[in-house]
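Reader: I have a protein structure to study and would like to go through its features one by one. May I put some questions to you?

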Amino acid sequence: MGRYVQVEPNVKVYVEDIGEGTPVLFLHGWPVNYKMFEYQLNVLPNHGIRTIAMDFRGYGLSDKPSTGYEYDRMADDVRAVIDDLGLTDAILAGFSMGGAIAAHYMARHQGHGVSKLALLSAAAPVFTQRDGYPYGLTPDELNEQIIEPIFTDRAKLLDTFGGMFFAKKHSQPFMQWFHALGMEASSYGTINSAMALRDEDLRGELETIQVPTAIFHGKKDEICPFEFAEEVHKAIPSAEMVVFEESGHGAFYDELEKFNAELIRFIQS
């Protein structure tokens, strides 16, 4: 069942909500939308899991305002969805950019309504290099390789980005479908979100996370290198690390059966 949630005046976000049981709220990555979780939405409701996935502002079926793509506002949008749905004991599962926003939500809103956290190939604690953090692209490289090409040929940039997403070879129709998800977003939303990925830094926030946490990450991730997961694990030492040896960034599809089985296990544990 789909519905819209008002997150601020004149801005609504789309939420898909199917199944009954333990609620899980999925937050998608840049630059796609909730449909990336199709192969989880197909399975989890059959295991007594209420499967909820939202489109961030600017993406998919949500409204596409020109502003509000910083992590604070995106986390506040998540809060609005949690409150509107009356969630009090949910698992928050964030992928890539959505993982960073999920982590920020836990700090900014003190984990309101959330009983467990799943960080899936998360773009955390920082997406770009900093002093003392030599992982990922430099801010200048992100500008040159991701942000600037969006202004000239967004379709080509998303095709290149999609080509880095998976470690395994998948069918051409699947890759065309995945590319189309990115094209559903607003161009300015993808630009402003990429700027947030470049600029935001969560290193001082992760240690505030108190709920049971699982870190899912592919060893062959070329977008959020595996060192990201190791840094998150250092900051949340009680977190469970689930490693996908044969996966790139898209562990949710590269090792689909293992991903779903491990996620169901974590939800039900």
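Reader: Which residues does Leu92 touch, not counting residues up to four places away in sequence?

Author: This is a predicted model. In the largest nonpolar core, which has 98 residues, Leu92 is one of the residues that touch the most other members, together with Trp30 and Val78. Leaving out residues up to four places away in sequence, Leu92 touches Leu25, Leu27, Val78, Ala102, Tyr105, Met106, Val114, Lys116, Leu117 and Ala118.

Reader: Which element gives the most residues to this core?

Author: Val78, one of the core residues that touch the most other members, is also among the α2 residues in contact with α3. The element that gives the most to the core, with eight residues, is α2.

Reader: How are α2 and α3 oriented to each other?

Author: The axes of α2 (residues 71–85) and α3 (residues 97–108) come within 9 Å and cross at roughly 75 degrees. Angles of 65 to 115 degrees count as roughly perpendicular. The two helices, α2 and α3, are therefore roughly perpendicular to each other.

Reader: What classes of residue make the contact of α2 with α3?

Author: From α2, the contact includes Tyr71, Met74 and Ile82, while α3 contributes residues including Ala100, His104 and Arg108. By class, the residues in the contact of α2 with α3 are nine nonpolar, one polar and four charged.

Reader: In what order do the eight strands lie in the open sheet, and which are its edge strands?

Author: The order is β1-β2-β4-β3-β5-β6-β7-β8, with mixed pairing. From one strand to the next, the twist averages 20 degrees. The edge strands pair on one side only, and they are β1 (2–8) and β8 (240–244).

Reader: Which residue in β2 is the bridge partner of Gln6?

Author: β1 pairs with β2 (residues 11–18) in the antiparallel sense, over six bridges. For Gln6, the bridge partner in β2 is Lys12.

Reader: Which strands do the buried residues of α7 pack against?

Author: Helix α7 (residues 226–235) lies across β6 (114–120), β7 (213–218) and β8, and runs at about 165 degrees to β7. Its buried residues are Phe226, Phe228, Ala229, Glu231 and Val232. These buried residues of α7 pack against β6, β7 and β8.

Reader: Is Gln110 buried or exposed?

Author: Most residues other than glycine have a negative phi. Gln110, in the loop between α3 and β6, has a positive phi, near 50 degrees. A relative accessible area over 50% counts as exposed. At 65%, Gln110 is therefore exposed.

Reader: Is Ser121 buried or exposed?

Author: Ser121 is located in the loop between β6 and α4, and its phi is positive, near 50 degrees. A residue under 20% relative accessible area counts as buried. Ser121 has 3% relative accessibility, so this residue is buried.

Methods
Residues are numbered from 1 along each chain as its sequence is written. This is a predicted model: local features need pLDDT of at least 70, side-chain atom pairs count only at pLDDT 80 or more; totals for chains, interfaces and linings use all residues. Side-chain values use heavy atoms; hydrogens and water are left out. Axes are lines fitted to C-alpha atoms, for helices over the stretch in contact, and angles run from 0 to 180 degrees between N-to-C directions. Helices (H or I, at least four residues) and strands (E, at least two) are DSSP runs, numbered from the N terminus. Angles under 35 degrees count as roughly parallel, over 145 as roughly antiparallel, 65 to 115 as roughly perpendicular and the rest as oblique. Contact means heavy atoms within 4.5 Å. Ala, Val, Leu, Ile, Met, Phe, Trp, Tyr, Cys and Pro count as nonpolar, Asp, Glu, Lys and Arg as charged, and the others, Gly among them, as polar. A nonpolar core is a set of buried Ala, Val, Leu, Ile, Met, Phe, Trp, Tyr and Cys residues joined through side-chain atoms within 4.5 Å. Buried means under 20% relative accessible area, exposed over 50%, partly exposed in between (1.4 Å probe, protein chains only). Two strands pair if DSSP finds at least two bridges between them.
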